[in-house]
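Dear colleague,

I am handing over the structure below for you to look through. My notes on what was found in it follow directly after.

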Amino acid sequence: MYELFKNLGDWLVSGEQWSGSDGIGHRLAEHLQYSLLATLVAAAIALPLGLLIGHTGRGAFLAINLASFGRALPTVGLVVLVFLASGLSMWPVYVALVALAVPAIVTNTYAGMTAVDPDVKDAARGQGMRWHQVLFQVELPLALPLIMTGLRLALIQVVATATIAAYVSFGGLGRYVFDGLAQRDLVQVLGGAVLVAVVAVALDLALSALQRALFRHRPA
Amino acid sequence: MNRRTLLGGLFAAASVPALAACSSGITSLDGGSGAGTGGGSSKSGITIGTANFTENQVLGYLYAAVLDAAGVKTTVRPNLGTREILIPAIKGGDIDLLPEYQGALLHYVDPKSKATEEGEMQNALAMALPAGLQVLPYGRAEDSDAFAVTRETAEKYGLASLADLKKQNGKLVMGAAPEVKTREVGVVGLKEVYGVEFKEFKSLDSSGPLVKGALKKGDVDVANLFTTDTDIQENQWVVLTDPENLIPGQHIVPLIADRRADSTVRKALAELGNVLTTADLTELNRQVDKDKKDPEDVANAYAEKKGLAA
Amino acid sequence: MSIDWSWIGDHTDDLTTLTLSHLQAALSAVFFGLLISLPLAVVAHRIRPLRGLLLGLSNVLFTIPSIAIFVLLLPVSGLTRTTTVIGLTIYTLVVLLRNTVEGLDSVPAKTKEAAKAMGTRPFRTLLTVELPLALPVIMAGVRIATVMSISLVSVATYIGDGGLGQLFTDGFQRNYPTPVIVGVALTLLLALVADALLVALQYVLTPWTHRKQRAA
């Protein structure tokens, strides 16, 4: 145990390990790129959907069930399927990561919207607010905490799962995990896993800081 | 998930991989326990492990077919991973028998070995294999590692042999399974023997869709393939010659745990080894990869046709 | 990309075996996950300082890529089903632990006081009052954990297990979509059926929740 952690320490701090195309710096950047882009795309799809369903109350049953259906999608299978359809490209990675992130964002956004007190919405409408004003000035701010929870959950899952990019020849921190598996180099696997966990935790902290900042500036 | 719980967890989590790691060395992977030195027995059945590429699965099912015919109960576990995963698994007892390749296996157990001739390698293997493991006589069929380039790349850079690669040091991208980066028959040996240095190494797969796709697409210039892969001929890829004999002979050889090696198993596998040729094996691979037949069906049909499963 | 229907017909036995093996791995993980998280949740519920630590630990474990967990377990349990189940169990903890703690938290203090006043011992209160009342929230966690495990089993294909996941690596290596499509479809079906059965189980286990509709 001591040995493995000592080696992990050496692995993490050696200058050689940080530089070059297979260096931690480059792999970290790739991993962030896959994760953030996939989560952004997922948010662009899922947020409007969740807001719309929550605002109108229409299609909720279908959307929520589709979302739980999406949660059951096996990522490995999806990656392989898209790979067979598209060949050697980034498509398999992004499709799988977006499919992973969308359900968490949709369900939490919807949950946030339904948690808004109907009386508050009625009052807003009674004051003559238009539908978009009700949505953006009343419902959205009140639903924000749960929406952010959804985004954070999605991001954590995407960061952990972006490892799969290495399975279809691409980079990211998963490279260390898959290469370490093939070479049976547990130090490399552990190094990759620790870095992924650190990235996930760091991004989660960043989002929670963002969330607090957003609340501070919320109009009273 | 609030901030405090995540941070608290981070510290607590530090101890978890430690728990997993501290038992290495005393359990299955490195222990040769249970592998007695006396005569083995296949009475309780044999578990055959196979690596993560088509041919190895075909071989695994061929072993199963001839052993079943000899009255040995077999289980095949397909697609377990690389040699780096499989050898510890056979030592630990998760599997008992493994279709292996002479030269590659020798390099794995004794990286410094200079043996290249089949008989020499067989002797060297007998010496170098860890206690509890042995190789049975090697078969006729052979499947070597090949370093291949596309016809266009060969013409563009004037590549015919591995020695020619040196002229393009720092320019070419090499694609192969991840383990090839640290293997002698791979990046390490190419540098030592031929002085070749690549611009980049791309981790792909073992003569599978990734490495072949990348070679076709031009993402890699040099690809590590298997000589029994029919895609080499089909795409007119150029296999670079090996004047310094970096790549050892790769006759198929069964690696077995002593505890299961009895005369029934030896006889059945030796018979298969004498019948199966490289051309046969190449054809069986093709049937699985191209005709999408099951490795198991292909193996059974072959064994029956050759009277090995009667 | 087209489906080769004859392949499916020729492989019904294999598909049944893989599906059952897949289900066994997922259900074992949820079972062991519950076995571990129930006592831990009680501890986290009673002892506040431990709560953040336990929940945080399960959260962080969740951020480690599943494939890495499987590989790191190889020195401990080798290429076996045990490795698969341990790995999956670790992932169920985040949901099961959180939901069980929340479930226990949701039991009204008055109810517990009433039980105490009647002279019920703490452990008995836990078994006969708190856990049953927490059941709806716990079951919600069990449902998520089950669906998640069923979807995750296939990752173990990288260490030679993985139930239906074997169809993914097979199709990948041979550039053959049929096994992959069938594998994805069966995984989804399995998740759907398991979820429906859990809903039914919850209905049977918690009659009070639907006898008086939405009394709260």
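Please keep in mind that this is a predicted model. Among the contacts in chain B between residues at least 6 apart in sequence, 78% join residues at least 24 apart. Chain B has 310 residues, of which 53% count as buried, and its secondary structure consists of 13 helices and ten strands.

The domain assignment divides chain B into domain 1, made up of 46-142 + 250-305, and domain 2, which covers 145-239. Taken over C-alpha atoms, the centres of domain 1 and domain 2 of chain B are separated by 25 Å, and the contact between these domains involves 14 residues from domain 1 and 13 residues from domain 2. On the domain 1 side of chain B, the elements that give two or more residues are α5 (102-109) and α12 (278-289), with α12(B) providing the largest share, five residues. By class, that side of domain 1 of chain B holds four nonpolar, seven polar and three charged residues.

Turning to the interface of chain A with chain C, 31 residues of chain A are in contact with 31 residues of chain C. On the side of chain A that touches chain C, at least two residues each are supplied by α4 (60-71), α5 (75-86), α8 (131-161), α9 (174-183) and α10 (186-216) of chain A, and α10(A) gives the most, with nine residues. The residues on this side of chain A divide into 24 nonpolar, six polar and one charged.

Best regards

Definitions and conventions: Residues are numbered from 1 along each chain as its sequence is written. Chains are lettered from A and ligands numbered from 1 in the order in which they are written. This is a predicted model: local features need pLDDT of at least 70, side-chain atom pairs count only at pLDDT 80 or more; totals for chains, interfaces and linings use all residues. Helices (H or I, at least four residues) and strands (E, at least two) are DSSP runs, numbered from the N terminus. A residue is buried if 20 or more other C-beta atoms lie within 10 Å of its own, exposed if 12 or fewer, and partly exposed in between; C-beta atoms are placed from the backbone. Two residues are in contact if their C-beta atoms, placed from the backbone, lie within 7 Å. Domain bounds come from an automatic or database domain assignment. Ala, Val, Leu, Ile, Met, Phe, Trp, Tyr, Cys and Pro count as nonpolar, Asp, Glu, Lys and Arg as charged, and the others, Gly among them, as polar.
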